[in-house]
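User: Please examine the helix packing and the salt bridges of the structure shown here.

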Amino acid sequence: MPQTVITMRPISRETPMRTGIKLCYCRMCHCLQPGFFTSKYGLLKLFECLLGIFCQSLVFTFGLENAKKGLGWDPYFAFLSATSACMPTTALLLICYTFSVSTFKLIRSSIFEIAFNIFCAFFYISASGTVAYKEQFYQNFTKFFTGPGDYTSLTTLYYMGGLMTVIYSYDAFLALRSYNGNS
């Protein structure tokens, strides 16, 4: 009988190796992929979700207060629209990727992931630019008439918008590499 050589492809680093949750000596809930959170893509999506929640809480906490002071509603609604468009979709993708490796492989290597990340980066950079422009203009305007004002929350908001732009741009770059087959 001739010998046959069986070659096995190595498991890709982007997919988690173990499925389910280990409880004593057995694994339960094989639909869950907790190893996804330790991968590069899982940490990136989790970071996007957490920072999106933080940005949205900043908008809800300080945006309305500063809009009433005279900063205007435009930057408030621009940033609220950016966070409301990007954060829930990122959270939904994170949930889908946690439950299914095949969903991760199919969606990650599709044009949707690239386009979504590029649009989110564009939304965040335009919204943070609007907030930065209005905040700097209004801060200089109020210093002239009333003395220095305290707008550190809005400064934090547009810095976080810039950070989210960088994160989504990096995620778009990684998605493009997955799309081209260069994981």
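Analyst: Axes are lines fitted to C-alpha atoms, for helices over the stretch in contact, and angles run from 0 to 180 degrees between N-to-C directions. Helices are DSSP runs (H or I, at least four residues) numbered from the N terminus. The model is predicted: local features need pLDDT of at least 70, side-chain atom pairs count only at pLDDT 80 or more, and totals for chains, interfaces and linings use all residues. Residues are numbered from 1 along each chain as its sequence is written, and side-chain values use heavy atoms, with hydrogens and water left out.

User: How are α2 and α3 oriented to each other?

Analyst: Helix α2 (residues 74–99) packs on helix α3 (residues 101–108) with axes 5 Å apart and an angle of about 130 degrees. Angles under 35 degrees count as roughly parallel, over 145 as roughly antiparallel, 65 to 115 as roughly perpendicular and the rest as oblique. The two helices, α2 and α3, are therefore oblique.

User: Which residues are linked with K45 in a network of salt bridges?

Analyst: A salt bridge requires a side-chain nitrogen of Lys or Arg within 4 Å of a carboxyl oxygen of Asp or Glu. K45 meets E113 at 2.7 Å, N to O, and D171 at 3.1 Å, while R108 and E113 have their closest N and O atoms 3.2 Å apart. The residues linked with K45 in the network are E48, R108, E113 and D171.

User: What is the relative accessible area of E113?

Analyst: Buried means under 20% relative accessible area, exposed over 50%, and partly exposed in between (1.4 Å probe, protein chains only). E113 is therefore buried, its relative accessible area being 0%.
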